[in-house]
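Please look over the sequence and the structure shown here before reading on.

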Amino acid sequence: YGTIAIPVIAAAALVGFFIYVASAGAAYPDSPVTPIAAAVASVFVLGVFVPIAYVSLRAIMRIRVHADGSIELHGLLRRVPLRPADIVSIRALPLVRNSVQIRYTGGRAQVYMPVDGLYEFLGWLKQQNPDVEIRWL
């Protein structure tokens, strides 16, 4: 969960900092930091870090294969039940370090590494669904 915690903690810390700066600017009229400047900076920070935190929280952290052959992708904010035939492709994302994208019928999910048993899962999935495209670096 360390990969996910970093953007979430950074967003919360920066928002807290800018709220502090805005309140300090309002409390001290002589301050060079005006509440408007702090509000603009806060909106900018929220616009950058909140989407990053949201995507990180939606990321898949665990892949579970049930005895009946169904697959469940687990994240902090979501759980995606799948069948092997639903998965279209799995590919490494070269611009996002240590992550893999799983495309399935109806959507896609980003998986942050490390995931225990990922390589065994890929081999099992290729046996169950030979049409799945697996692209690795």
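Buried means under 20% relative accessible area, exposed means over 50%, and partly exposed lies in between, with a 1.4 Å probe and protein chains only. This is a predicted model, in which local features need pLDDT of at least 70 and side-chain atom pairs count only at pLDDT 80 or more, while totals for chains, interfaces and linings use all residues. Residues are numbered from 1 along each chain as its sequence is written, and side-chain values use heavy atoms, with hydrogens and water left out.

**Helix α3**

- Helices (H or I, at least four residues) and strands (E, at least two) are DSSP runs, numbered from the N terminus.
- The buried residues of α3 are L118, F121, L122 and L125.
- They lie on the same side of α3, because they cover an arc of only 100° around the axis, taken from the directions from the helix axis to the C-beta atoms.
- On the other side of α3, the residues Y119, E120 and Q127 are exposed.
- With contact meaning heavy atoms within 4.5 Å, the buried residues of α3 pack against β1, β2, β4, β5 and β7 (133-135).

**Nonpolar core**

- A nonpolar core is a set of buried Ala, Val, Leu, Ile, Met, Phe, Trp, Tyr and Cys residues joined through side-chain atoms within 4.5 Å.
- The largest such core has 20 residues, of which I63, L73, I87 and F121 touch the most other members, and α3 gives the most to this core, with four residues.
- Leaving aside neighbours within four places in sequence, F121 is in contact with I63, V65, I71, I87 and I90.
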